[in-house]
Amino acid sequence: MHPRFWCVVVLLLLVPAPLLALDAQEIVERANQAAYYAGADGRARVEMTIRDASGLERQRRFTLLRRNEADGRQRFYAYFEAPADVNKMAYLVWKNPAAEDDRWLWLPALNLVKRIAPGDKRTSFVGSDFLYEDVSGRSTREDTHVLLEETDSHYVIESRPKNPASVEFGRFVTRIDKQTFLPLKADYYDSSDRLYRQVEALQVETIQGFATVTHAVARDLLRDSSTENRFSGVVYDLGLNERIFTERFLRRPPREVLH
């Protein structure tokens, strides 16, 4: 066989095969992993600023703890420290990908542990423009996903609820970074296709090798209000004990892991 033929074969072997295109479901699965499952566990302090339409500001300060379990399950805690009216309040989530999540809220002023019903996860998180579901994540299986656009740097995904009666939105469109797979912006539209809500990552940093959102905002476009979360002291792979992610520790937060 002619030597030139072998040269062509070698050159073809050296050319990398094109990467297989990801479908919309694979993209949102990877985005969910990047946003909510970095490391085996994690801790962060959060400074929350809530602004109403008149410009009046309210502050919240709390610590987030998170531990990943097998098969996509996860344990998630938020401990509130300030202001005084929410001091020692705690929020606990057991994420169950194959079923409804279990969620509890400890209200020390009322000496009450409140079970958060599945229908309440799309309600305001402690009076802010973030929802309970924004904080601990929404199952990717609750929506159908379509890839609307792909650029050199982003995927644009449209998601529609499989059970429209269970949510307040008709669809949402998410812009996902192709390098980190972090969702950078989500626009929510109501059943009349009116844009009414946005959640956006304003700053991303690399911490212990993980791309991490350190400044985020949620905007309610109908009420003209917004809430900013600034994350500090972010640490991954702490080796958090699973026992602290139980209802028992709602009333008595494990201070050794908060400070």
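Hi everyone. Let me start with a group of eight names: Glu-100, Lys-121, Arg-122, Glu-133, Arg-138, Glu-142, Asp-143 and Glu-168 are linked in a network of salt bridges. Please keep in mind that we are looking at a predicted model. As background, side chains of opposite charge can pair when their charged atoms come close.

Let's look at one pair from that network. Lys-121 and Glu-142 meet through their side chains in a salt bridge, at 3.2 Å from N to O. Lys-121 sits in the loop between β6 (112-115) and α3 (132-136), while Glu-142 is in the loop between α3 and β7, so this pair links distant parts of the chain, 21 residues apart. Are these two buried or exposed? Lys-121 is buried, with a relative accessible area of 8%, and Glu-142 is partly exposed, at 24%.

You will find Asp-143 in strand β7, which covers residues 143-150. Its relative accessible area is 2%, so Asp-143 counts as buried, the cut-off being under 20%. The side chain of Asp-143 makes a polar contact of 2.8 Å with that of Arg-138. Leaving out residues up to four places away in sequence, Asp-143 also touches others, including Ser-159, Pro-161, Phe-169 and Phe-172.

Now let's step back. How many salt bridges does a search of the whole structure find? The number is 25. One of the salt bridges joins Glu-228 and Arg-51, with the closest N and O atoms 2.9 Å apart. Glu-228 belongs to strand β13 (residues 225-236) and Arg-51 to strand β1 (residues 41-51), so the pair ties together parts that are 177 residues apart in sequence. Glu-228 is buried, with a relative accessible area of 17%, whereas Arg-51 is partly exposed at 26%.

Asp-220 and Arg-223 also form a salt bridge through their side chains, at 3.1 Å from N to O. Here Arg-223 is exposed, with a relative accessible area of 51%.

Let me finish with a histidine. His-154 lies in strand β8, residues 154-161. With 12% relative accessibility, His-154 counts as buried. Its side chain and that of Ser-153 are joined by a polar contact of 2.7 Å. If we set aside residues up to four places away in sequence, His-154 touches Glu-149, Arg-175, Ile-176, Asp-177, Lys-178 and Leu-184.

How values were computed
Residues are numbered from 1 along each chain as its sequence is written. This is a predicted model: local features need pLDDT of at least 70, side-chain atom pairs count only at pLDDT 80 or more; totals for chains, interfaces and linings use all residues. Side-chain values use heavy atoms; hydrogens and water are left out. Helices (H or I, at least four residues) and strands (E, at least two) are DSSP runs, numbered from the N terminus. Buried means under 20% relative accessible area, exposed over 50%, partly exposed in between (1.4 Å probe, protein chains only). A polar contact is a pair of N or O atoms within 3.5 Å; within protein, one must be able to donate a hydrogen and the other to accept it, and residues adjacent in sequence count only if both atoms are side-chain atoms. Contact means heavy atoms within 4.5 Å. A salt bridge is a side-chain nitrogen of Lys or Arg within 4 Å of a carboxyl oxygen of Asp or Glu.
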